[in-house]
Amino acid sequence: MSLNFVVLIISSIPDFRLQHDEILGLLRLEWISDDGTRTLRTSAGQLLHLARQLAVRVLLLDMNTVPNIPVEDELWLGTQWMPGIVQLPLEHLVLAIDSSRVHNQLAIDALHDLVQPAIRFESHYFSDVDSAMHWLTHDSGRLPALLAEWNTQ
């Protein structure tokens, strides 16, 4: 069986597990570091560079795996990282975050409000990644292959 689209697990940023689907323009990520957010800024910078390089149209962030973001990193994300995000050719920013993750939800809301005037993409919130993936793929035949690839890593 041959796949008619390119799906790739990317391991070049150690804090993240990343999956790219070229046809959907999707970059999916989850935080996998056990070191808290010590290297968040470096990894976020690398992520922004990768998203630019891949011309990502859909960014799916699993915020359920990210430790609570310290205020210093939140400030850095707002002043250094978010301006780069709004310059991407994004059509959709999809965030998976459970309602119990109040700290990071407040941080996301603050970052969103900070760059609101410059946002040209739609933001979507889901409580879990599976729901987000179903929505992103519109329950198409692409979902099983994407999930299978993700689950093998």
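**Exercise 1: Asp34**

Asp34 lies in the loop between strand 3 and helix 1 (40–54). Classify Asp34 as buried, partly exposed or exposed, and give its C-alpha distance to Asp15.

Solution. The model is predicted: local features need pLDDT of at least 70, side-chain atom pairs count only at pLDDT 80 or more, and totals for chains, interfaces and linings use all residues. Residues are numbered from 1 along each chain as its sequence is written, and side-chain values use heavy atoms, leaving out hydrogens and water.

Step 1. Helices (H or I, at least four residues) and strands (E, at least two) are DSSP runs, numbered from the N terminus.
Step 2. Buried is under 20% relative accessible area, exposed is over 50%, and partly exposed is in between (1.4 Å probe, protein chains only).
Step 3. Asp34 has 77% relative accessibility, so it is exposed.
Step 4. From Asp34 to Asp15 the C-alpha distance is 8.4 Å, across 19 residues of sequence.

**Exercise 2: The aromatic pairs**

Count the aromatic pairs. Then assign a geometry to Phe16 with Trp31 and to Phe126 with Trp135.

Solution. 
Step 1. Two aromatic pairs are present.
Step 2. Apply the rule. Rings of Phe, Tyr and Trp (its six-membered ring) pair if their centres lie within 6.5 Å; planes under 30 degrees apart are stacked, over 60 edge-to-face, and the rest tilted.
Step 3. Phe16 and Trp31 have centres 5.3 Å apart and planes at 80 degrees, an edge-to-face pair.
Step 4. This pair links distant parts of the chain, 15 residues apart: Phe16 sits in strand 2 (residues 16–21) and Trp31 in strand 3 (residues 26–31).
Step 5. Phe16 is buried because its relative accessibility is 6%. Trp31 is buried too, at 5%.
Step 6. For Phe126 and Trp135 the centres are 5.7 Å apart and the planes lie at 45 degrees, so this pair is tilted.
Step 7. Phe126 is buried at 18%. Trp135 is partly exposed at 30%.

**Exercise 3: Charges over Trp150**

Which distances from the ring centre of Trp150 belong to Arg17 and Arg28?

Solution. 
Step 1. State the test. NZ of Lys or CZ of Arg must be within 6 Å of the ring centre and within 35 degrees of the ring normal.
Step 2. Arg17 lies over the face of Trp150 at 3.9 Å from the ring centre.
Step 3. Arg28 places its charged end over the Trp150 ring, 3.8 Å from the centre.

**Exercise 4: Helix 2 against helix 3**

Describe the packing of helix 2 and helix 3 by angle and axis distance, by handedness and by the residues that meet.

Solution. 
Step 1. Helix 2 (residues 71–85) and helix 3 (residues 102–115) pack at about 35 degrees, their axes 10 Å apart. Axes are lines fitted to C-alpha atoms, for helices over the stretch in contact; angles run from 0 to 180 degrees between N-to-C directions.
Step 2. The crossing is right-handed. In a right-handed crossing the near helix is turned clockwise from the far one by less than a right angle; anticlockwise is left-handed.
Step 3. Contact means heavy atoms within 4.5 Å. Helix 2 supplies Glu74, Leu77, Gly78, Thr79 and Met82; helix 3 supplies Ala107, Ala110, Leu111, Leu114 and Val115.
Step 4. These residues divide into seven nonpolar, two polar and one charged. Ala, Val, Leu, Ile, Met, Phe, Trp, Tyr, Cys and Pro count as nonpolar, Asp, Glu, Lys and Arg as charged, and the others, Gly among them, as polar.

**Exercise 5: Ser43 and Ile119**

Find the contacts of Ser43 and Ile119, leaving aside neighbours within four places in sequence.

Solution. 
Step 1. Ser43 lies in helix 1 and is buried at 3%.
Step 2. Ser43 touches Ile13, Asp15 and Phe16. Its C-alpha is 7.5 Å from that of Pro14, 29 residues away in sequence.
Step 3. Ile119 lies in the loop between helix 3 and strand 6 (122–126) and is buried at 17%.
Step 4. Ile119 is in contact with Val86 and His112. Gln87, 32 residues away in sequence, is 8.4 Å from Ile119, C-alpha to C-alpha.

**Exercise 6: Ala55**

Solution. 
Step 1. Most residues other than glycine have a negative phi.
Step 2. Phi of Ala55 is near 50 degrees, a positive value in a residue other than glycine.
Step 3. Ala55 is in the loop between helix 1 and strand 4 (58–62), partly exposed at 40%.
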